[in-house]
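Student: I have a chain open on my screen. Please show me how to read it, one feature at a time.

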Amino acid sequence: MRGCQTLPDLWLISDERNDADLERALQCLPRGSGFIYRHYHLEPEKRVARWFELRRIARARGHLLILADSALTALEWGADGAYGAPRALWPTRRLITLATAHDLADIALANLKRADGVLLSPVFPTRSHPQAETLGPARFRLMAAHARMPVIALGGMNPHSAHRLRWPRWAAIDGLSFP
C-alpha cells in the first residue's frame, strides 16, 4: 500500500441521493474514516467545486479521500487515491487505488493490478439496485478469500448489516447518511 497506510474500516460513498447531507455525514464519521467521492451526476465544473467543498471538511476530520476518477485527476485534485473498475486502475506509488468488484474475474484483475483495496458488492439488497442479485454473507466471504488486498463490503451495508456480516471493513451510501 502506498506509504504503508492502513485502510480505514468505515467508508462513506458520495452519491446524488446523499449529497444534501454529506457535510453532516462527514462530520459524524469517526475520525480517520474513508470517503469515496463519486458525484457522477454533476457537470464537470460543479463536480470539482463540490469536491473541494467536501475535501475541506473531510481533511479537518482526518478522513482518507478517494476520488472516483483517473489517477491523474486524483493527483490534480489532491486526493489520497483513485477508485474505479480494475481495468481502469493505474497503480502509482503516490496514490491508493481502490477497485470495484462484483465477481471473481474483477477480483483477479484487481489482484493483477495490485490494487490497495477492493470494494466487493452487492452483499445485500440496495436501494439503488433493488432487483440485483446479491452475494449474501457466504458468497461474499468465499469471493473475498481470493483477494490479495483488504476487501471492503458494499451493498446494503449499515451498522446492522455490518454486524450481521461480521466483516471489519464496509462502505455505504444510504447506510451512513441521514434521512
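Student: Is Ala 88 buried or exposed?

Tutor: Start with the cut-offs: buried means under 20% relative accessible area, exposed over 50%, and partly exposed in between (1.4 Å probe, protein chains only). Ala 88 counts as exposed because its relative accessibility is 59%. Ala 88 sits in the loop between β4 (81–84) and β5 (96–101). From Ala 88 to Leu 135 is 47 residues in sequence and 23 Å in space, C-alpha to C-alpha.

Student: What am I looking at, and how are residues numbered?

Tutor: This is a predicted model, in which local features need pLDDT of at least 70 and side-chain atom pairs count only at pLDDT 80 or more, while totals for chains, interfaces and linings use all residues. Residues are numbered from 1 along each chain as its sequence is written, and side-chain values use heavy atoms, with hydrogens and water left out.

Student: How many helices and strands does the chain have?

Tutor: Helices (H or I, at least four residues) and strands (E, at least two) are DSSP runs, numbered from the N terminus. Here there are six helices and eight strands. Their order along the sequence is β-α-β-α-β-α-β-β-α-β-α-β-α-β. The radius of gyration is 15 Å, close to the 16 Å from the globule rule for 179 residues, so the chain is as compact as a globular protein of that length. That radius is taken over C-alpha atoms, and the rule is 2.2 Å times the number of residues to the power 0.38.

Student: What share of the residues is buried?

Tutor: Of the 179 residues, 51% count as buried. Asp 15 is one case: it is buried because its relative accessible area is 14%.

Student: Where is Asp 15, and which residues does it touch?

Tutor: Asp 15 lies in the loop between β1 (10–13) and α1 (22–28). Contact means heavy atoms within 4.5 Å. Leaving out residues up to four places away in sequence, Asp 15 touches Arg 38, His 39, His 41 and Ile 173. A polar atom of the Asp 15 side chain is also 3.0 Å from the backbone nitrogen of Arg 17.

Student: And Asp 9: where is it found?

Tutor: Asp 9 is in the segment before β1. Asp 9 is partly exposed, because its relative accessible area is 42%. Residues up to four places away aside, Asp 9 touches Pro 168, Arg 169 and Trp 170. Its C-alpha is 9.2 Å from that of Trp 167, 158 residues apart along the chain.

Methods: A polar contact is a pair of N or O atoms within 3.5 Å; within protein, one must be able to donate a hydrogen and the other to accept it, and residues adjacent in sequence count only if both atoms are side-chain atoms.
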